[in-house]
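Please keep the sequence and the model in view while reading.

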Amino acid sequence: MAIVHQPVLLEEVLSFLVPPRADSLMVDATLGEGGHAAAFLAKYPSLRYLGLDADPVIQAKARERLAAFAPRVSFRLGYFDELFPALAAELAEGRGERPDLVLFDLGISMHHYLESGRGFGFAKAEALDMRLDPSSSPSAADLVSQESEEELARIIYEYGEERLSRRIARAIVEARSRSTIATTADLASIVESAVPAAYRHGRIHPATRTFQALRIATNDELGRARRGIKAACALLAPGGIIGVISFHSLEDRIVKNLFRDLAGRSTQRPDEPIQEVSGPVEFELLLKKPREAGPEEAGRNPASRSAKLRVARRLAGGQAGVSA
Ligand SMILES: C[S@@+](CC[C@H](N)C(=O)[O-])C[C@H]1O[C@@H](n2cnc3c(N)ncnc32)[C@H](O)[C@@H]1O
């Protein structure tokens with residue numbers, strides 16, 4: 001089994017997420033290929049590990065990779081914003097336990113770009129799918145064929161932070177009236193022809209932001225991150241630690257505001273519905289500013305360059321019961 005993904009900020013994650021007991025339970029909300037998992041399981045010989053992922057293909061890779069740790073590892077397949085409430089429901093029924101450690105390493109893996117065949121990038125001509133769970137809907141092709149021009153422009157502007165969103169949305173709607181937009185190559189060439197020449201010779205490919213936006217919309221990444229991290233904080237054991245790695249400002253803003261709110265220092269941004277988790281101070285921030293990759297990691301692993309790690313600890317005396 002070829003491993004294609006290098007875990008990011010690994011040393012930093014290991015240094016902050018320290019199990020309080022030898023047989024602590026850690027929940028990895030984004031198991032991926034199990035890179036962080038393998039490092040934790042090797043470092044802590046009695047640590048128990050529960051790995052979640054929405055993608056059955058990457059979970060099969062993780063199962064194979066972590067086979068040597070088998071008795072200490074279990075797996076759940078599904079979206080983390082659904083699995084954490086499910087774990088909380090099991091706890092309420094007297095089954096399961098609160099984790100001492102929770103890790104989120106948001107977004108997608110190099111596996112998705114390089115070998116999934118699901119059209120996450122435009123380097124290869126693939127079906128325009130972009131779903132983490134291939135049994136869910138909609139696909140990215142569904143979005144580009146069905147959404148209105150206004151909604152496509154909103155998605156591309158909000159999730160891609162693309163200033164030419166209206167122009168690109170118009171080009172998509174015009175193109176789909178002539179023929180189906182079925183592949184990554186179809187979409188990339190529509191975007192390329194919609195933008196001015198100067199834009200085509202910029203630092204990044206002109207379709208980069210549009211692809212990011214469609215991926216986020218297809219998988220409801222921001223909504224799932226907001227709900228999932230909040231539910232994970234609610235499940236965490238008193239004294240437990242949660243670490244979240246994000247890869248763009250939209251994700252990082254969600255983590256920053258949620259953690260600040262739980263730590264009693266809400267920024268009260270009007271665009272984030274964080275007031276719903278306001279209440280007694282239950283968490284402390286272990287990092288005031290996010291930790292980023294140093295020059296060595298950034299040089300070795302370009303994917304780490306945009307990574308930001310935030311860490312919070314549930315106060316030991318706090319009541320375990322933030323609404324999920
Ligand atoms: C960056 S990768 C994790 C890599 C992993 N830490 C490693 O070292 O191999 C993110 C993983 O999270 C999964 N994922 C993303 N959003 C998810 C969600 N809402 N629910 C469950 N899994 C999700 C993706 O399928 C992907 O495998």
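## Terms and basis of the report

Two strands are said to pair if DSSP finds at least two bridges between them. Helices (H or I, at least four residues) and strands (E, at least two) are DSSP runs, numbered from the N terminus.

This is a predicted model, in which local features need pLDDT of at least 70 and side-chain atom pairs count only at pLDDT 80 or more, while totals for chains, interfaces and linings use all residues. Residues are numbered from 1 along each chain as its sequence is written, and side-chain values use heavy atoms, with hydrogens and water left out.

## Strand β8 and its partners

Strand β5 (residues 241-246) pairs with β8 in the antiparallel sense, over six bridges. Within this pairing, Gly243 stands opposite Val311 in β8. Strand β8 itself covers residues 308-314, and five of its seven residues are buried. Here, buried means under 20% relative accessible area, exposed means over 50%, and partly exposed lies in between (1.4 Å probe, protein chains only).

Two further strands run antiparallel to β8. Strand β6 (residues 283-285) is joined to β8 by three bridges, and Phe283 stands opposite Arg314. Strand β7 (residues 291-292) is joined to β8 by two bridges, with Lys308 in β8 as the bridge partner of Glu292.

Which strands pair with β4 in the parallel sense? One is β1, which pairs with β4 over three bridges; in β4, Leu101 stands opposite Met26. Another is β5, which runs parallel to β4 and is joined to it by five bridges. There, Asp105 stands opposite Ile245 in β5.

## Salt bridges

A salt bridge is a side-chain nitrogen of Lys or Arg within 4 Å of a carboxyl oxygen of Asp or Glu. How many salt bridges does this rule give? The count comes to 23. One of them joins the side chains of Asp100 and Arg21, at 3.1 Å from N to O. Asp100 lies in the loop between α4 (80-92) and β4 (101-105), and Arg21 in the loop between α1 (10-16) and β1 (25-28), so the pair ties together parts that are 79 residues apart in sequence. Asp100 is buried, with a relative accessible area of 5%, whereas Arg21 is partly exposed at 40%.

Arg118 forms a salt bridge with Asp55, the closest N and O atoms being 2.9 Å apart. Arg118 belongs to the loop between α5 (110-114) and α6 (140-146), and Asp55 to the loop between β2 (48-53) and α3 (56-65), so this pair ties together parts that are 63 residues apart in sequence. Both Arg118 and Asp55 are buried. Another salt bridge, between Glu151 and Arg154, has an N to O distance of 2.8 Å. Both residues lie in helix α7, three residues apart, about one turn of the helix. Glu151 is partly exposed at 24% relative accessibility, and Arg154 is partly exposed at 29%. Salt bridges also link Asp81, Glu82, Asp220, Arg224 and Arg227 in a network.

## Backbone details

The peptide bond from Ser137 to Pro138 is cis, with omega near 0°. Pro138 lies in the loop between α5 and α6.

Leu9 has a positive phi of about 50°, although it is not a glycine. Leu9 is placed in the segment before α1 and is buried, with a relative accessible area of 0%. Glu161, also a residue other than glycine, has a positive phi near 50°. Glu161 is found in the loop between α7 and α8 and counts as partly exposed, at 42% relative accessibility.
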